[in-house]
Amino acid sequence: MRGIRAADLLVLVLAVGLVGWSYIHFWQREAAASLEVWVDGRHQASLPLIESRTLDIEGSIGTSRIALAPGRARFLDSPCESKRCVHTGWIDQGGMVAACLPNRVSLHLQGRDRRYDAINL
Amino acid sequence: MRTELPKHLHLLALLAAILLAACRPAEAPLLERRFIALGTIVDITLFGVDAEQADPVLAAVERDFHRLHHDWHAWEDSRLTAINTALQQGGQAPVPADLMAVLERARALNRSSDGLFEPAIGGLMALWGFHSNDLPDRVPDAAAIEAWLAGRPRMTDLELQDGRARTDNPRLQLDLGAFAKGVAVDRAIAALRAAGIDNAIVNAGGDLRAIGARERPWRIGIRHPRAPGVLASIETRGDESIFTSGDYERYFEAEGTRYHHIIDPRSGYPARGTASLTVIHTEAATADAAAPALFVAGDAWPRTAADMGINRVMRVRADGTVEMTPAMAGRIRFETETEPAVMLRELP
């Protein structure tokens with residue numbers, strides 16, 4: 001066996017660099033929270049919270065309009081009377097929930113590596 | 001070059017190994033069930049069970065929650081509203097055996113809290129407008145609250161015997177409120193255990209009981225009462241219920257003042273001085289009665305905690321400072337950038 005040569009060193013440096021890059025790239029991408037939409041006890045959709053957009057969700061009594069944004073989500077409108085779901089405002093941490101119970105639509109935020117198993121509200 | 005190929009393969013393997021090490025270990029699968037009952041979202045999370053084993057008991061638990069919802073609802077037609085109507089009209093009502101056990105339990109907790117946990121408060125809650133799916137928008141007449149206080153009904157006015165409830169106080173209206181949630185959570189945990197499930201969280205709208213663990217302890221975030229996100233976290237041990245009462249849960253604002261749903265039965269008005277109060281206790285039903293009782297107790301909460309047998313308490317005062325029992329301090333990890341000012345309070 002000969003000693004380590006310059007090319008080996010280069011490979012090693014590249015390897016370490018790749019590890020660093022992959023760590024940042026993949027970890028950060030996973031860190032962007034995602035949103036679970038549940039309708040009447042059923043998991044309707046899982047959506048990444050990367051870009052801003054609005055979405056209509058059909059619930060039990062009508063359409064709930066929700067907003068998605070990087071790392072957060074909220075109700076914009078819902079066919080309920082009290083609009084408590086809208087007043088909840090943005091939810092932005094894994095484990096947080098916003099719900100329109102009359103329309104049986106709930107939004108559940110999934111954080112990076114599910115830091116909390118539940119949030120005491 | 002050809003002779004060096006194996007060595008480069010070696011390096012390639014090393015690179016692959018380092019890359020693999022950079023990956024997060026896959027998290028063990030959790031089984032989740034979610035439904036709406038008792039006016040809230042119920043989340044059940046299980047660890048280390050497969051769906052086939054869990055499905056029957058999860059379905060049974062969900063049915064039980066729905067049944068309790070129909071039995072105990074404080075303002076929609078339920079067995080409880082039927083009892084309230086009968087008490088109002090004739091001072092007595094038949095009570096089914098399972099509901100009787102719950103009322104007896106509630107009465108015992110009412111006694112140990114010296115009346116601060118008060119299920120006989122239904123009339124006052126209705127007066128405030130909290131017996132509605134919508135939020136109230138005005139403060140009731142001071143005269144109406146005075147009148148309620150003058151004939152203030154108490155759980156101790158309720159006689160429970162031979163399958164009947166009796167009272168001489170026509171104002172006595174039962175509102176099991178969140179207590180129903182605690183009882184339901186305990187029943188769900190008992191059902192899961194009977195089905196051989198030892199690692200679970202039953203979470204009813206943020207109040208929960210956790211048993212066992214996942215590949216690490218269950219980690220529970222405590223909501224910050226005055227900011228979005230989490231104030232602190234607790235890792236559960238063995239079998240613990242964590243319940244929080246907060247002034248942010250149901251409230252309305254009138255003329256710049258916040259009126260929340262945790263009413264002090266002594267004054268007839270929302271209890272002041274506390275933003276949120278968290279307790280840890282084994283049984284969910286006890287924790288569920290203790291959290292609002294200690295919230296209402298205000299600065300005197302250590303006395304009430306001692307009387308109710310609760311020794312892990314965290315109170316966030318309205319000014320943002322935090323009070324804790326020493327037993328709680330050992331369990332709380334603050335998750336905010338700057339730690340709040342903390343005062344330790346011993347129980348008497």
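Q: What makes the contact between chain B and chain A one with salt bridges?
A: A salt bridge is a side-chain nitrogen of Lys or Arg within 4 Å of a carboxyl oxygen of Asp or Glu. Across the interface of the two chains, B and A, this rule finds three. The model is predicted: local features need pLDDT of at least 70, side-chain atom pairs count only at pLDDT 80 or more, while totals for chains, interfaces and linings use all residues. Side-chain values use heavy atoms, with hydrogens and water left out, residues are numbered from 1 along each chain as its sequence is written, and chains are lettered from A and ligands numbered from 1 in the order in which they are written.

Q: Why is the pair Asp117(A) and Arg216(B) called a salt bridge?
A: The N to O distance between these side chains is 2.9 Å. The limit is 4 Å, so the pair Asp117(A) and Arg216(B) qualifies.

Q: Which parts of chain B supply at least two residues each to the side that touches chain A?
A: They are helix 1 (5-22), strand 1 (30-37), strand 2 (40-47), strand 6 (200-204), strand 7 (207-211), strand 8 (219-223), strand 9 (230-235) and strand 10 (239-246). Helices (H or I, at least four residues) and strands (E, at least two) are DSSP runs, numbered from the N terminus. Helix 1 of chain B gives the largest share, eight residues. By class, this side of chain B has 22 nonpolar, 13 polar and 17 charged residues. Here Ala, Val, Leu, Ile, Met, Phe, Trp, Tyr, Cys and Pro count as nonpolar, Asp, Glu, Lys and Arg as charged, and the others, Gly among them, as polar.

Q: How many residues of chain B are in contact with chain A?
A: In chain B 52 residues are in contact with 36 residues of chain A, where contact means heavy atoms within 4.5 Å. Together the two chains bury about 3,800 Å², 55% of it on carbon and sulfur atoms. Buried area is the accessible area (1.4 Å probe) that two parts lose on being put together, summed over both.

Q: Why is Thr286(B) called buried?
A: Buried means under 20% relative accessible area, exposed over 50%, and partly exposed in between (1.4 Å probe, protein chains only). Thr286(B) has 7% relative accessibility, so Thr286(B) counts as buried. This residue is found in helix 8 (residues 284-297) of chain B.

Q: What makes the pairing of Thr286(B) and Arg105(B) a polar contact?
A: A polar contact is a pair of N or O atoms within 3.5 Å; within protein, one must be able to donate a hydrogen and the other to accept it, and residues adjacent in sequence count only if both atoms are side-chain atoms. The side chains of Thr286(B) and Arg105(B) are joined at 3.2 Å.
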